[in-house]
Amino acid sequence: FDCLGGDAMASASLMLSGPLDFKSLGWATEDVGARAFAFAGFGSLLLNPSKRKGLPGLFNGLKREARGSLGLGVGMPIGGMGMLEFTFAQPVWAQNHDLRQRWQLGLRLNLSG
């Protein structure tokens, strides 16, 4: 966890994904392999969990530092190399000092042989 700046971490996520049929909408002449997805993610990161008072202190610290968001997105395949994804996320549990980046453009590469 040192690369994230913490010593204890908890996280959970859920993602639902399904085909997005542009052909039946009349937006394409053939199936392009697009996908729509929704996600929820929650997590927490702690520095020096050993300074907390036992297991209850650890859980209270993780709860106090927790963050969470819900989001939607669309992914389009790029020539068999991966997916270009456009997402929108809404923080539902954040800290006052957090920077909020709701829109994201991502590239997921498929590097398998």
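The dialogue below goes through several features of this predicted model and how to read them.

Me: What should I keep in mind about the model before reading any feature?
Reply: This is a predicted model, in which local features need pLDDT of at least 70 and side-chain atom pairs count only at pLDDT 80 or more, while totals for chains, interfaces and linings use all residues. Residues are numbered from 1 along each chain as its sequence is written, and side-chain values use heavy atoms, with hydrogens and water left out.

Me: How is burial read, and which residues of helix H1 are buried?
Reply: Buried means under 20% relative accessible area, exposed means over 50%, and partly exposed is in between, with a 1.4 Å probe and protein chains only. Of the 113 residues in the protein chain, 22% are buried. In helix H1 (residues 54-64) the buried residues are Gly57, Leu58, Gly61 and Leu62. They cover an arc of only 135° around the axis, which puts them on the same side of H1; the arc is that of the directions from the helix axis to the C-beta atoms. Leu55, Pro56, Phe59 and Lys63, on the other side of H1, are exposed. The cover over the buried residues of H1 includes strand E1 (8-19) and E2.

Me: What does a contact tell me, for instance with Phe42?
Reply: Contact means heavy atoms within 4.5 Å. Phe42, found in strand E2 (residues 35-46), is in contact with Ala10, Ser11, Ala12, Arg67, Gly68, Ser69, Val92 and Trp93, leaving aside its neighbours within four places in sequence. The C-alpha atoms of Phe42 and Ser13 are separated by 6.3 Å, although these residues are 29 residues apart along the chain. Phe42 is partly exposed, with a relative accessible area of 35%. Across the protein chain, 52% of the contacts between residues at least 6 apart in sequence join residues at least 24 apart.

Me: How are aromatic pairs classified, and how many does the structure have?
Reply: Rings of Phe, Tyr and Trp (its six-membered ring) pair if their centres lie within 6.5 Å; planes under 30 degrees apart count as stacked, over 60 as edge-to-face and the rest as tilted. A search of the whole structure finds three aromatic pairs. In one of them, Phe86 and Trp103, the ring centres are 5.5 Å apart and the planes are at 20°, so the pair is stacked. Because Phe86 lies in strand E4 and Trp103 in strand E5, this pair ties together parts that are 17 residues apart in sequence. Phe88 and Trp103 form a tilted pair, with 4.6 Å centre to centre and 50° between the planes. Phe86, Phe88 and Trp103 form one aromatic cluster.

Note on methods
Helices (H or I, at least four residues) and strands (E, at least two) are DSSP runs, numbered from the N terminus.
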